[in-house]
Amino acid sequence: MEQIRPAQLQEWLARHAGAQPLVLDVREPWEVQTASVSPEGFELLNIPMQQIPAALSQLDEDRPIACLCHHGMRSLQVAHFLTQNGFTEVSNITGGIDLWSAERDPRVPRY
């Protein structure tokens, strides 16, 4: 499974152009309300980590998915789970939304 930093997201998106890349935000609703990213060149979907097993049917196994959380640990677990369940194009956004704010968009609040 690929690990990408927020600063590398444009490269990841370019490699998956035409495939409708998805950033899967696995944080809790209160976290998304506190700080969220703007979908630019990708679809953004929030499914909290605990709800992922029940929501697998909502996700396309062949679609490029980059998982996002606060610091990258929950998203890494979800990325592994997706890979173990037949998803083929899964990446983890290392450093999560916290690093996103530092590397990609300083308008995103840090918490």
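Arg63 lies in the loop between α3 and β4 of the predicted model, where helices (H or I, at least four residues) and strands (E, at least two) are DSSP runs numbered from the N terminus. Arg63 counts as buried, at 16% relative accessibility; buried means under 20% relative accessible area, exposed over 50%, and partly exposed in between (1.4 Å probe, protein chains only). Leaving aside neighbours within four places in sequence, Arg63 is in contact with Ala19, Gln20, Pro21, Leu22, Glu43 and Glu89, contact being defined as heavy atoms within 4.5 Å. Residues are numbered from 1 along each chain as its sequence is written, and side-chain values use heavy atoms, with hydrogens and water left out. As this is a predicted model, local features need pLDDT of at least 70 and side-chain atom pairs count only at pLDDT 80 or more, whereas totals for chains, interfaces and linings use all residues.

One of the contacts of Arg63 is Gln20, which is found in the loop between α1 and β2. At 60% relative accessibility, Gln20 counts as exposed. Gln20 also has a positive phi of about 50° although it is not a glycine. Most residues other than glycine have a negative phi.

The secondary structure of the protein comes to 5 helices and 5 strands, which follow the pattern β-α-β-α-β-α-β-α-β-α along the sequence. The C-alpha trace spans about 35 × 30 × 20 Å along its principal axes. With 111 residues, a compact globule would have a radius of gyration near 13 Å, and the 13 Å of the protein agrees with this; the radius is taken over C-alpha atoms, and the globule rule is 2.2 Å times the number of residues to the power 0.38. Of the 111 residues, 47% count as buried. Among contacts with a separation of 6 or more, 66% are accounted for by residues 24 or more positions apart. The protein exposes about 5,700 Å², of which carbon and sulfur atoms supply 50%; accessible areas come from the Shrake-Rupley method with a 1.4 Å probe, and for residues only the protein chains shown count as cover.

Several strand pairs were identified, two strands being paired if DSSP finds at least two bridges between them. Strand β2 is joined by 4 bridges to β3 (residues 43–46), and the two run parallel. Asp25 has Asn46 of β3 as its bridge partner. In a regular strand the side chains alternate between the two faces of the sheet. In β2, both faces are covered, with Leu22 and Leu24 buried on one side and Val23 and Asp25 buried on the other.

Strand β5 pairs in the parallel sense with β1 over 3 bridges and with β4, also in the parallel sense, over 3 bridges. Ile93 of β5 is the bridge partner of Ile4, while Asn92 of β5 stands opposite Cys67. Both faces of β5 are covered: Val90 and Asn92 are buried on one side, Ser91 and Ile93 on the other. Val90 has a relative accessible area of 8%. Not counting residues up to four places away in sequence, Val90 touches Met1, Glu2, Ile65, Cys67, Ala79, Leu82 and Thr83. The C-alpha atoms of Val90 and Pro106, 16 residues apart along the chain, are separated by 26 Å.

Helix α4 (residues 73–84) has 12 residues and reaches 17 Å from its first C-alpha to its last, close to the 16 Å expected at 1.5 Å a residue; the expected span is 1.5 Å times one less than the number of residues. Ser75, Leu76, Val78, Ala79 and Leu82 are buried in α4. Seen down the axis of α4, these buried residues fall within an arc of 165°, so they line one face of the helix; the arc is that of the directions from the helix axis to the C-beta atoms. Met73 and Gln84, on the other side of α4, are exposed. The cover of the buried residues includes β1 (2–4), β2 (22–25), α3 (52–55), β4 (65–68) and β5 (90–93). Just after α4, Gly86 takes a positive phi of about 95°.

Helix α5 (residues 96–103) is mostly covered, as 6 of its 8 residues are buried. These are Gly96, Ile97, Asp98, Leu99, Trp100 and Ser101. The buried residues of α5 pack against α1 (9–15), β4 and β5.
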